[in-house]
Amino acid sequence: MKQIYILYVFIIGLATACGNKMVKGNEEAAKDSDFMLDGPSMEYHPTEHDIKMNELAVQEIAVVNQVTEIYEAVNKAYNSKNWQQETAKLDKTYCSKDWNATVAAVRDKDKGTDDIGFFDADYWGMGQDWSEDIHASDIKLKDIDLEVDPWLATVTLKLHNCGAVTDVTVSLVHEDEKWKVDELDDWKASMKEYLAE
């Protein structure tokens with residue numbers, strides 16, 4: 001009987017010790033739960049590098065979308081009944097200030113001459129004529145630089161016009177919060193050379 005009593009006391013003591021541990025364990029678990037709910041925030045805090053990479057990705061898409069829009073406008077302008085007026089709007093809408101100033105200077109230089117002048121071909125169509133199916137394909141970003149002011153980007157594309165396919169390089173600058181054409185192949189460079197003659 002004495003052995004049963006000792007065994008009973010031992011079991012009661014063991015149960016009490018285990019119960020205390022369980023209560024203590026539950027209290028710690030509750031504290032951990034409170035820590036998870038009220039503890040340090042798990043919000044994402046992007047680094048400067050992350051912000052730059054995100055901006056780069058956004059601008060890469062913006063450049064390709066802008067060039068796509070430009071050549072859709074080119075197709076629409078050249079297929080318009082008022083194509084002369086509509087094509088004249090392309091430069092004002094989609095080109096940089098320097099491009100427009102250069103074109104204007106060339107037109108001024110050519111005024112009053114009997115010669116054809118500088119523009120014996122069309123830079124949007126890359127030729128003297130155009131077809132109804134004038135359009136661009138394979139528009140690809142070649143380079144982009146957001147470390148300079150203004151930002152610069154270069155795009156390559158294939159221009160389809162009059163059955164011919166021409167590889168064209170378009171350089172853009174970021175002006176007035178938009179990407180603007182600043183060079184089509186070497187047209188602007190050639191215009192500057194012509195003005196310097």
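Where does Pro-150 lie? Pro-150 sits in the loop between β1 and β2 (152-161). This is a predicted model.

**The largest pocket**

- Rolling a probe the size of a water molecule over the atoms shows where empty space is left.
- The largest share comes from α3, with 6 residues.
- Sorted by class, the lining has 10 nonpolar, 5 polar and 4 charged residues.

**The second largest pocket**

- Helix α2 (48-78) and strand β1 (135-145) each supply at least two of the lining residues.
- The largest share, 5 residues, comes from α2.
- By class, the lining divides into 4 nonpolar, 1 polar and 4 charged residues.

**Helix α2**

- Helix α2 has 31 residues.
- From its first C-alpha to its last, α2 reaches 45 Å, close to the 45 Å expected at 1.5 Å a residue.
- An α-helix has 3.6 residues a turn, so residues three or four places apart point the same way.
- Look for that spacing among the buried residues of α2, which include Gln-59, Val-63, Gln-66, Val-67, Ile-70 and Tyr-71.
- Ala-73, Val-74, Ala-77 and Tyr-78 of α2 are buried too.
- What covers the buried residues of α2 includes helix α3 and the strands β1, β2, β3 and β4.

**Strands β3 and β4**

- Strands β3 (residues 164-175) and β4 run antiparallel, joined by 6 bridges.
- Strand β4 (residues 178-184) is mostly covered, as 6 of its 7 residues are buried.
- In a regular strand the side chains alternate between the two faces of the sheet.

**Backbone details**

- Most residues other than glycine have a negative phi, and most peptide bonds are trans.
- What form does the peptide bond from Asp-149 to Pro-150 take? That bond is cis, with omega near 0°.
- Cys-162 has a positive phi, near 55°, and is not a glycine.
- Cys-162 lies in the loop between β2 and β3.
- Cys-162 is partly exposed, with a relative accessible area of 45%.
- Asp-176 also has a positive phi, of about 50°, although Asp-176 is not a glycine.
- Is Asp-176 buried or exposed? Asp-176 is exposed, because its relative accessible area is 58% and exposed means over 50%.

Technical notes: Residues numbered from 1 in each chain as written. Predicted model: local features only at pLDDT ≥ 70, side-chain atom pairs only at ≥ 80, totals over all residues. Heavy atoms only, no water. Helix = DSSP H or I, 4+ residues; strand = E, 2+ residues; numbered from the N terminus. Nonpolar A, V, L, I, M, F, W, Y, C, P; charged D, E, K, R; others polar. Buried < 20%, exposed > 50% of the residue type's maximum accessible area, 1.4 Å probe, protein only. Pairing = 2+ DSSP bridges. Expected span 1.5 Å × (residues − 1). Contact = heavy atoms within 4.5 Å.
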